[in-house]
Amino acid sequence: MKTKEIANLVKGNMEGDEDSEISKVASLRESNGGDISFLESSKSGEDLESIGASCLLVYEDFVNTANLTIIRVKNPKLEFARIAAILHPRKTPGNEIHSSALIAENSNLASDVFIGAFCCVGENTSIGAGSQLRAGAKLGDDVAIGENCILYPNVFVEDGSVIGNNVVLHSGVVIGSDGFGFVRGEIGYVKFPQIGTVVIEDNVEIGANSCVDRGSLGETRIGEGTKIDNLVQVAHNVQIGKRVVIAAQTGISGSVVIEDDCIIGGQVGFGDHSTVKSGAIIGSKAGILPGKIVREGVWWGVPVQPLDEYKRQNAHVKALPRLRKQVKDIAKILSESKKK
Amino acid sequence: MKTKEIANLVKGNMEGDEDSEISKVASLRESNGGDISFLESSKSGEDLESIGASCLLVYEDFVNTANLTIIRVKNPKLEFARIAAILHPRKTPGNEIHSSALIAENSNLASDVFIGAFCCVGENTSIGAGSQLRAGAKLGDDVAIGENCILYPNVFVEDGSVIGNNVVLHSGVVIGSDGFGFVRGEIGYVKFPQIGTVVIEDNVEIGANSCVDRGSLGETRIGEGTKIDNLVQVAHNVQIGKRVVIAAQTGISGSVVIEDDCIIGGQVGFGDHSTVKSGAIIGSKAGILPGKIVREGVWWGVPVQPLDEYKRQNAHVKALPRLRKQVKDIAKILSESKKK
Amino acid sequence: MKTKEIANLVKGNMEGDEDSEISKVASLRESNGGDISFLESSKSGEDLESIGASCLLVYEDFVNTANLTIIRVKNPKLEFARIAAILHPRKTPGNEIHSSALIAENSNLASDVFIGAFCCVGENTSIGAGSQLRAGAKLGDDVAIGENCILYPNVFVEDGSVIGNNVVLHSGVVIGSDGFGFVRGEIGYVKFPQIGTVVIEDNVEIGANSCVDRGSLGETRIGEGTKIDNLVQVAHNVQIGKRVVIAAQTGISGSVVIEDDCIIGGQVGFGDHSTVKSGAIIGSKAGILPGKIVREGVWWGVPVQPLDEYKRQNAHVKALPRLRKQVKDIAKILSESKKK
């Protein structure tokens with residue numbers, strides 16, 4: 001790909017060598033000739049002279065003192081990601097159903113799917129065009145998988161789950177396992193029915209070894225474009241909106257609602273039936289009490305509070321030794337004045 | 001199933017249509033004709049006129065103003081769970097050993113087990129009547145699986161583990177992996193022996209991708225009727241009692257003892273050799289220091305403390321700005337009186 | 001093995017029966033004749049008369065009042081671990097490639113590897129002498145596995161990962177999955193390239209269901225002799241040094257650096273781009289803010305602080321009721337003196 005082609009694609013303004021051949025993306029410091037890279041800010045503090053990349057994506061107001069080959073765009077990191085997707089397309093193992101795979105006769109597979117070794121496809125299950133089941137991925141009965149999905153090795157999707165288009169499930173993901181619901185009886189726990197479903201909308205990505213439980217009654221739903229990291233727990237009947245980002249090891253209890261465009265840190269814990277309003281940002285390790293409603297804004301701590309309140313409270317706690325000293329001094333003055 | 005049959009089963013008092021046909025359970029709001037549902041409290045605040053269910057399980061003191069078909073019972077949710085188990089029996093794939101499964105010759109399988117595709121059963125391993133190994137589940141050598149167990153896809157049970165009757169292991173569960181024990185030597189860590197076993201008693205259920213390590217020496221044990229959620233870590237030599245409930249992502253360090261009938265929230269962390277006495281309830285995200293003994297009661301926070309102390313302490317922290325103001329005012333008064 | 005042979009191996013001073021046959025290791029309380037055990041301290045408080053073991057490893061200054069057969073060494077637990085490794089060698093399933101395994105033709109396997117049922121070995125992938133792939137373990141393309149490694153059932157190693165010698169990956173481990181990086185675009189998130197690699201050096205052990213993401217650009221690296229527990233998350237571009245110990249459920253965000261010889265507790269969370277200096281010890285459940293540099297020493301809390309500061313702060317918080325009472329008393333005295 002020539003630099004001028006890239007400039008066209010990203011609709012950027014180019015300076016420098018328009019015919020340089022770009023074969024791959026690289027980080028700024030590891031870049032060499034033939035690479036394209038990007039500057040995260042206009043004033044990056046990087047030693048621009050030592051950059052090996054043949055071309056840089058930069059902000060529009062970048063001052064090109066080193067006479068680099070650059071392309072000016074609104075969002076260099078975003079355009080870099082787009083160019084990377086073109087230069088490094090994801091592996092497509094081709095149209096094949098491995099002879100070891102176990103495919104139910106009444107399943108419904110598009111003509112160009114890939115199904116690797118030791119996969120299972122259950123009764124009445126469908127897989128859309130261009131989707132891949134990597135080795136050892138397993139689908140139960142009555143599952144619907146959309147188009148251009150990738151299910152990595154050892155993914156398991158339980159009966160009745162519905163998965164949209166362009167969904168990526170990383171290795172070890174479990175979709176549609178029983179929710180955790182038990183009722184205490186006279187002599188132990190009785191299982192509450194876990195007979196609902198899971199719906200995963202288009203363009204969702206879920207990280208390795210994460211779990212999404214089926215609804216107990218009704219459904220668990222993950223909205224369009226939502227991205228979930230590794231080792232995340234999504235319990236029964238959770239409703240996650242569109243374009244939500246959830247970092248690793250976060251746990252979302254039953255019936256929680258997370259609305260569109262929220263950003264959730266890692267190791268966050270959501271009590272059941274809590275609600276997070278659209279656009280909220282919740283810091284890592286926060287804890288949301290059951291039933292709590294979290295409004296838009298930035299939230300932090302256990303239990304969760306607005307970030308500025310959290311900071312203020314922390315400052316007060318840090319200042320406790322000083323406060324104590326002050327009280328001690330006052331007490332001393334009083335006791336002395338009393339003596340007089 | 002007719003409503004009067006259900007009333008008989010749950011030993012409840014029925015009002016309304018005794019011959020209504022019930023085919024499935026549903027949540028109150030999603031219920032339609034032919035469904036049975038339940039009211040979680042006597043004063044639910046629900047719009048009873050709009051309920052679609054043909055029959056409701058309700059508390060004995062429920063006032064039936066809307067002339068619904070109801071069955072009065074002591075614990076509606078519990079009876080609902082029991083009826084659900086009858087109306088929605090778990091899938092029984094039938095008596096089959098898939099031709100692709102790898103079964104050691106000297107294993108000992110009951111005549112009516114189900115063993116799915118790509119399963120492995122090791123040397124000298126036994127599986128009791130009615131148990132299911134779903135596709136890709138793997139048992140090591142010298143494993144004993146009881147009757148009516150379900151091991152979901154990709155479960156792995158290591159050599160020597162003993163699993164009782166009616167145990168459910170969800171997808172990706174690992175039983176009997178090495179515990180995490182190393183001794184620092186002169187030039188690095190030497191592995192402490194991890195050669196003990198795991199014993200899982202009857203009626204235990206363990207959620208997807210949870211891990212139970214073998215004892216280093218001796219055993220790790222999970223008691224009868226205990227229920228464990230997804231992504232939970234149970235380390236070597238942990239002793240969990242009977243009817244304990246443990247929510248998702250909780251981590252239990254080596255040699256911890258959790259006695260009978262405890263309830264443990266999600267993302268709780270237990271330091272090694274801590275003990276939780278029978279009947280204790282520990283809130284989500286709590287942290288228990290190594291060696292700590294937690295008595296009966298409700299516990300919260302890091303490090304864990306009784307819930308009312310935790311609340312009191314939190315209130316004191318919240319009141320810090322006011323306290324500081326008060327001290328400031330006092331200091332001002334003193335300084336002014338001094339001037340005089 | 002005779003006791004005198006053990007004494008020779010551990011270079012210890014022996015007292016008692018030199019020809020006693022030792023067949024296995026055991027914990028002190030569960031030990032019987034034929035067992036070797038160890039005392040964790042010189043003044044253990046154990047009832048030494050009731051110990052069943054035929055031989056004990058003890059500290060050099062141990063006073064042998066009960067005339068036990070003992071071997072005096074500098075570090076009894078360490079020598080016990082070494083003897084255990086000899087008496088209980090890890091299972092070696094022998095040189096076999098199971099007929100069901102799927103092995104790419106251009107892969108490069110040493111002559112004495114073990115490859116179990118339903119394993120996959122991708123194109124151009126190599127496996128060193130003595131390494132084992134247990135049933136269902138899967139390697140992508142261009143993977144290099146060193147010598148004497150064990151990959152337990154259902155482990156998955158993605159394309160291009162490099163794994164050293166004597167590495168143990170427990171069941172369900174995922175190596176080389178995509179990192180979690182997305183750039184917000186106009187209408188949703190665009191995937192940031194995740195095309196780097198993972199390098200795992202010699203003698204690393206990683207616990208069940210843990211995840212190590214590939215570098216987005218560049219590599220994720222785990223240093224020689226590092227030990228990682230179950231359900232740990234290691235994000236893209238993380239650099240972990242040598243001989244680091246990381247307990248269960250800890251999460252390490254992108255580009256974090258953990259230097260040599262650190263000890264990290266369980267459920268710790270690392271914000272991205274944080275750095276932990278060599279020799280630091282971080283307590284369980286601690287939280288490290290993004291970009292933070294943690295020096296040598298013992299650290300605790302959220303956000304992380306030196307343990308003694310944490311304790312002091314906690315003491316101040318605990319003393320708040322008393323402080324408040326004191327301020328109240330002062331206010332009362334002042335108001336009374338004012339009245340006068």
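Me: Which order do the strands take in the open sheet of 10 strands in chain B?

Reply: Strands of a sheet pair through backbone hydrogen bonds, either parallel or antiparallel. In this predicted model, the order is β7-β10-β13-β16-β19-β24-β27-β30-β33-β36 (chain B), with parallel pairing. A strand here is a DSSP run of E, at least two residues, numbered from the N terminus, and two strands pair if DSSP finds at least two bridges between them. Residues are numbered from 1 along each chain as its sequence is written, and local features need pLDDT of at least 70.

Me: Which strands stand at the edges?

Reply: β7 (102-103) and β36 (287-288) of chain B do; each has a single partner strand, so one side of each is left without a neighbour in the sheet.

Me: What does a pair inside that order look like, say β16 and β19 of chain B?

Reply: β16 (residues 156-157) and β19 (residues 174-177) of chain B are joined by 2 bridges in the parallel sense. B:V157 sits opposite B:I175 in β19(B).

Me: Are the faces of strand β3 of chain B buried or exposed?

Reply: Buried means under 20% relative accessible area, exposed over 50%, partly exposed in between (1.4 Å probe, protein chains only). In β3 (residues 35-38) of chain B, B:D35 and B:S37 on one side and B:I36 and B:F38 on the other are all buried.

Me: Which strands does β3(B) pair with?

Reply: Among them is β2 (residues 24-25) of chain B, parallel to β3(B) over 2 bridges, with B:K24 opposite B:D35. Another is β4 (residues 55-59) of chain B, also parallel, over 3 bridges; there B:S37 faces B:L56.

Conventions:
Chains lettered and ligands numbered in written order. Predicted model: local features only at pLDDT ≥ 70, side-chain atom pairs only at ≥ 80, totals over all residues. Heavy atoms only, no water. Helix = DSSP H or I, 4+ residues; strand = E, 2+ residues; numbered from the N terminus.
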